[in-house]
Amino acid sequence: MFVDVLNEEQRAAATHPGGPLLVLAGAGTGKTTTLAARVAWLIEQGAAPERVLLLTFTRRAAREMLGRARTFLGRSSRGRHAGRVVGGTFHSVAHRFVRRHAAALGLPGGFGVLDAGDAADLMDLVRQEAGLGQTGKRFPRKSTLLDIYSRTVNAQRPLRELLAEAFPWCERHGEELGRLFVEYGARKRSLGVLDLDDLLLHWRALARDPAIGGDMGRSIEHLLIDEYQDVNGLQVDLVRALRSERRDVTAVGDDLQAIYGFRAALARHILEFPEHFPGTAIVTLERNYRSTQPVLDVANAVAEQAEVSYPRRLRAEASGEAGGLAPSSEGAHAPASPPELVLCLDEAAQAGEVCDRVLDARERGALLREQAVLMRASHDSDLLELELARRDIPYVKYGGLRYLEAAHVKDFLALLRLADNAADRLSWFRWLQLLEGVGPAIARRVLEALEPDAGGLADVLARWPSAREALPSEAREAADAVVGALAAVAGEPGAVAGERAAGVGGDGPGALAAGVRAERLRDALAPIVAAHYPDGPVRLQDLDALVAAAGQASDLGRFVADLVLDPPATSQDLAGDGSLDEDWLVLSTVHSAKGLEWRAVHVLALYDGNFPSDLSAGDREAIDEERRLLYVALTRAQRELHLYVPVRYYHRPRGSDDGHGYGKPSRFLTDDVQALCRRTDTTGIGVDPEGEIAAARGAARIEVSVDALFT
DNA sequence: ATACGACGGTTTTTT
DNA sequence: ACCGTCGTAT
């Protein structure tokens with residue numbers, strides 16, 4: 001029986017008979033295994049798989065857990081059924097429900113979902129049209145505007161309070177922001193689009209509706225939520241609404257790993273769970289099967305510094321007979337070595353040191369993909385990426401600038417959206433401006449003539465011949481090609497003869513396959529993209545990857561929506577498993593590394609100002625969150641941990657002028673922590689344990705500057 | 001009136 | 001390396 005491989009606490013959690021259950025699972029304690037086992041156990045006890053709902057933080061996590069649940073259940077018919085469990089992120093599951101009940105919510109059936117970039121663009125558009133923020137005073141930029149809006153919605157708190165607390169430098173614009181946000185909401189409604197926050201808001205509204213919500217709640221026999229320490233107020237509301245009648249709910253999490261405060265998550269929520277669900281059984285998992293004790297010692301020492309915490313120490317189990325230890329190719333009796341603290345002169349030197357150690361670990365038997373370089377901010381790896389390329393070390397990077405955020409990819413997505421929904425004004429507005437000599441003003445005029453949301457696709461296309469007159473004559477032909485392609489691939493039957501992928505895919509009878517449609521659009525857009533961007537050819541390759549991915553999808557509309565809800569972390573992800581047998585190093589932000597583990601972990605740029613970030617200085621809760629972030633990074637390591645501290649950094653990244661200063665090691669690397677590490681000083685200038693730099697004291701005293709001559 | 005090039009300032013992290 | 005603003009050329 002599969003529960004036999006679990007330890008006592010894990011088994012208690014997995015086989016909890018019913019009613020609310022809270023699993024406090026420290027890092028590496030087999031949380032994934034336990035949750036997967038619980039799903040398997042529920043099914044084995046007779047729960048209908050499609051009535052089990054598993055909410056996870058990423059879709060990858062859902063896949064992994066359901067895969068393991070299936071393994072647990074074996075080849076029985078129940079095992080096959082595990083695939084029918086409903087699983088995904090809050091947002092992707094919300095999308096499913098909202099689509100199903102779109103009519104009741106007054107939404108068009110094929111409503112579009114805006115990703116963060118689209119939403120910021122719309123916010124900006126609304127701001128311009130409302131004439132807000134034109135006062136010449138510094139006004140928040142569009143992405144900041146969306147951050148503020150989103151955080152207010154997710155925290156479910158008044159804008160005023162939130163500004164004072166999290167965006168004090170924007171407080172003076174409070175009134176304008178309020179008006180802007182109301183207008184933004186109205187505009188989304190009139191466009192028939194939802195942003196990511198709306199998905200949750202609409203799901204909550206459904207869940208609270210006596211009729212629809214009642215059915216919904218009753219149809220979910222068991223609700224399981226992973227990473228509960230990172231849910232926000234809106235998500236807590238949702239969970240409570242879904243459980244107003246039934247009491248079967250399992251939450252799993254670790255308040256020591258709460259790192260999404262910037263998204264309005266509060267670790268407090270996990271501690272309040274027992275109050276929200278009276279009679280909650282609590283199970284605590286403390287046995288760590290992932291890391292060696294020296295690694296855990298350092299992590300524990302970091303966690304202990306927290307101002308407010310319920311102290312818990314992770315203990316390493318001798319070897320992993322139970323739970324989530326990935327098989328290691330190295331002998332279990334290899335001595336556990338203490339983490340290494342590597343002092344580097346600057347970030348360039350750091351890049352070299354990281355490469356040296358990565359290759360060294362590889363010599364000792366750790367594949368590149370069993371190693372990861374983790375960082376606070378995605379640009380921390382800029383220099384490292386150059387060095388990796390120079391040394392021919394392949395890598396993939398997670399987090400940071402997403403593939404989907406590249407301008408040309410968004411241009412293409414706009415076209416893909418139009419293929420399904422010609423009424424999407426935003427998408428028209430976007431691609432029209434790619435044309436030579438076309439800016440916002442002309443694009444707007446074309447839209448006026450086109451009236452995209454009046455009538456069906458055929459009506460809109462019928463207006464094109466007159467609408468195109470607003471374009472400068474040089475641009476008309478290129479635009480015709482795009483509109484022609486749109487007409488040819490449009491979802492409606494009768495658009496084009498021949499080339500039908502008869503019976504293939506879910507686009508309905510007479511429709512072209514998603515891949516063919518995507519390809520047509522790509523071909524029409526290619527000359528425009530090539531002309532509009534200086535590095536055209538490279539960008540076109542990205543579009544090819546997208547076309548290939550669309551080819552795997554059954555329905556173009558769903559393909560685009562899924563892309564927004566579950567963006568590929570890297571272009572390699574999108575391409576699929578083309579390079580499956582290749583070995584590569586993983587680069588990732590700490591946030592994106594959540595829930596993962598590697599044999600060797602390298603943590604970059606541990607100097608004060610970067611990790612913890614300067615932006616969090618002064619706010620105790622923010623500093624605590626940065627500390628938990630480091631804790632998450634440290635606990636990703638199985639056997640090897642390297643911490644890098646560049647002591648000199650350049651103030652102006654402009655160039656080689658000597659505008660540098662000396663930074664201190666991260667305040668989290670206290671004496672206690674450092675005492676648990678092996679120090680390697682590669683700077684050659686001497687750094688003492690407090691981070692005082694001999695050279696800095698001398699250098700700071702003597703200053704040479706002729707700046708005074710020029711002012 | 002509009003588009004585009006030059007210039008200066010820049011709050012990480014993600015569904 | 002990006003975004004927003006301003007000046008200029010069309």
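A polar contact here is a pair of N or O atoms within 3.5 Å; within protein, one must be able to donate a hydrogen and the other to accept it, and residues adjacent in sequence count only if both atoms are side-chain atoms. Helices (H or I, at least four residues) and strands (E, at least two) are DSSP runs, numbered from the N terminus.

This is a predicted model, where local features need pLDDT of at least 70, side-chain atom pairs count only at pLDDT 80 or more, and totals for chains, interfaces and linings use all residues. Residues are numbered from 1 along each chain as written, chains are lettered from A and ligands numbered from 1 in written order, and side-chain values use heavy atoms, without hydrogens or water.

Start with α15, residues 347-363. At its start, a side-chain oxygen of D346 comes within 3.2 Å of the backbone nitrogen of A348. Just after α15, G365 has a positive phi of about 110°.

Next, α23, residues 514-532. Where is the kink in α23? At L525, about 40°, shortly before P527. That bend is the angle between axes fitted to the seven residues ending there and the seven starting there. L525 is also buried.

Last, S291, in the loop between β9 and α14. It is buried, at 7%. A polar atom of its side chain lies 2.6 Å from the backbone oxygen of A637.

Definitions and conventions:
Buried < 20%, exposed > 50% of the residue type's maximum accessible area, 1.4 Å probe, protein only. Expected span 1.5 Å × (residues − 1).
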